[in-house]
Every structure is written in C-alpha cells, then in structure tokens.
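Good morning, and thank you for coming. Please take a moment to look at the structure before I describe it.

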Amino acid sequence: MRATTQLGDLSLYKQQARWQAQAGANGAGGRKTGRDGADLVLEVPVGTLVLDEEGGLMADLALPGARSVVARGGVGGRGNVHFKSSRQHAPDYAEPGLKGDELTITFDLKLIADVGLVGPPNVGKSSVLASLTAARPEVGNYAFTTLDPALGVAESSAGRFVIAEIPGLVEGASRGAGLGHRFLRHAERTRVLVYVVDGSAPDPWQGLEDVIGEVARFSPELAARPYLVAVNKLDLEETQKLRKRTRRKGVHFTSALTGEGLPELRDAMVKALAGAPEPMAPARPAKIKLAPTSSKLVVERKDWGFAVSGSRVEHLVSHTDLESTGSLQRFQNELDRLGVNEALEAAGVQPGDTVRISGIEFEYQP
C-alpha cells in the first residue's frame, strides 16, 4: 500500500474489489531459479486505514508517501540443481513458483484537514465552507444535505490551509445516531475545530453545548483540541439581536450569505492553527497479520475420504511439480519422511481412498 495526495477517495476500490499480484516463476533446469513475483502497489488517499477481517489495524497511512506491506508476494521456485544428490546427479525436476498470500482487507478513509467545521444539520456549514474556499458542497435547507465530508483550501496571509466540513451531528451522534460515528470519525484528524451555530435558532447556545457534548463523548482527546465558535446567519434579524445581547468571548458572528465576519473568522483559524498540536503520529510500518498456520500434521476422516493438513505437508504440495515423474517420486518419499502415510494408515485409509492435501486430490496406494 502507498499513500498519495493524488487520490481523494476510495472509489477505485469500489469499482474493482479483487487485486492480484504475480505468482513466483517456476524453477528450471540449467541451475535456473524462478524469479519472485513483481510487486503490486495499491495507491490510496492519505489518511487511509487498512483493517483485517476482524477489524484490527494493519496499517495507518497518515502521511504522503507512507508505505506498508500487507501481503507477501509469490516466491520463485528453486532450480533443478537444488535437488542434486549422490543418487540423483541430474534431477529432471524443479520447484514450481508459488502464489503470494491471499487475504481480505478493508480500507477506511479518515479525512485529514487543518480545520473541521462541526455542528448540527442545517446551520450553514456548507455555505461557510463555500464562502471561505473554492469548494462547492451541496447546499440545501434540510437536514443531512451533506452525507460525506467536503474539503476546501483557504488562502490566508500565512499560507494555505485545508478546511473540512463534517456532516451534521444530532443528539446521540456519539452512540451512532444520525450516522454520527460515520461523521465524527472524520473530525479525529483535524487540528482545530470550529463549532458552527445557527444564530436564528430558538436556543443557539444549547445547540452548541449539545454538539460539544457529543464530540466529548465520542473522543475526549478530540474535544480537548483548540476550537472556535462561529455563529452563522448574521444576515437574519434573530442573529443580529443575539449578537447585541451576547457577552460570550471568542465567538465569531458570520454570514455565509453576505460574507460579513468571515475574514475575521479566517484570521482566527490561522491564529489557532499556529499553536495547535499535530494530532497524527507518523505512519508506522504495519505488522503483517496473516492467518496462523499449524505445523502439526492432522488427518481427518471425511465422507469422501481423508483430509491432510499441516504447514509442512502443504508447503511440500505447493513446491511439487506433479507433472514431473522425478518430482512426483521425491514427493512420495517426502510424504513418507513426514509421517503422512503412517498417519493415514492409523486413520484407517484403504487402497483407492481419496486423500486431499491443499485442495489437490490423490488416490492412496500403499
């Protein structure tokens, strides 16, 4: 996996769910060892988490260029010279190349932004984002107009910074209500929060406290980040009256419609960012989490015959060219050495019974 700033979403992996790298090449005569399979590098947006089938974190690709190996590739087979012995001076077989690991993973994208606009539905977050940046989010007068976070880049005297609009939060969002978890998780990687309030609401301050409470219940660490308060809709009479009677410090009254108060809000964002800590640790290399394999030889009796498992015997099958007489003879000798025949006989195998190892079926003959 490799994180890149050239991608903004994971739509590519909705279009194609299965990806396959090359298998290792077969070994050959003339001392030729097969080449290993070539790397398959999947690019994902910066901020992508890679999760295993149980939801465990395999890799956190939080920085541009971050890389992580999540599956080992196919190994080339050994050439015939590796099987030379005092009895076999010129073996006519070599190992086949192997396939790589196979596993199912989930990509989970958490947006990375400098400033996150947080607030209830329909308070004007989309309009504020559009007014401060060149972003063009959907704007509408109904709850959950925005179902996916939107990003925009704001210009300031101190340089550019990224603003993310976090979709509307409702009471119970920290418990998942109203798509709350889906929304709040995108705020985790913002350095500064801006709580956006509808100044024309019956009780704007209670709405503010409700949202701050939901953020704190979801993540106390997130709630402790630097934050600003933007009371939007200053173009309405109710908000103008609220500004006249409020005594709260650090509150910015704005109108996304007329632009009033937005330059001051942008300057306050820049100032807050200057002293804000970085919430992200550098991406760490992943520990490859693959299904554990057992070296213990196991023989199970089935309705159709006998199933044999164990990492050593399965490894033997994968490294055997079953089309080669010499390779097949070596395979039979190795089965004996590993105790497979003895274990089968102890389990009651009879001549002609089906034996299956790693999905390949054999007919047992003593």
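The expected span of a helix is 1.5 Å times one less than its number of residues, and helices (H or I, at least four residues) and strands (E, at least two) are DSSP runs, numbered from the N terminus. Helix α4, residues 204-218, has 15 residues and reaches 21 Å from its first C-alpha to its last, close to the 21 Å expected at 1.5 Å a residue.

Two remarks on the source are needed. This is a predicted model, in which local features need pLDDT of at least 70, side-chain atom pairs count only at pLDDT 80 or more, and totals for chains, interfaces and linings use all residues. Residues are numbered from 1 along each chain as its sequence is written, and side-chain values use heavy atoms, with hydrogens and water left out.

I turn to the sheet. Two strands pair if DSSP finds at least two bridges between them. Six strands form an open sheet with mixed pairing, in the order β7-β8-β6-β9-β10-β11. Its edge strands, β7 (150-154) and β11 (251-253), each pair on one side only.

Within the sheet, strand β6, residues 113-118, runs parallel to β9 and is joined to it by five bridges. β6 also pairs with strand β8, residues 161-165, in the parallel sense over three bridges. Leu 117 stands opposite Val 194 in β9 and opposite Glu 165 in β8.

On its other pairing, β9 meets strand β10, residues 227-232, in the parallel sense over six bridges. There, Asp 198 has Asn 232 of β10 as its bridge partner.

Is strand β9 buried or exposed? Buried means under 20% relative accessible area, exposed over 50%, and partly exposed in between, with a 1.4 Å probe and protein chains only. Nine of the nine residues of β9, residues 190-198, are buried, so this strand is largely enclosed by the rest of the structure. In helix α4, the buried residues include Trp 205, Leu 208 and Val 211.

Finally, the helix packing. Axes are lines fitted to C-alpha atoms, for helices over the stretch in contact, and angles run from 0 to 180 degrees between N-to-C directions. Helix α2, residues 125-132, packs against helix α7, residues 262-274, at about 85 degrees, with the axes 11 Å apart. Contact means heavy atoms within 4.5 Å. Val 128, Ser 131 and Leu 132 of α2 make this contact with Leu 262, Leu 265, Arg 266 and Met 269 of α7.
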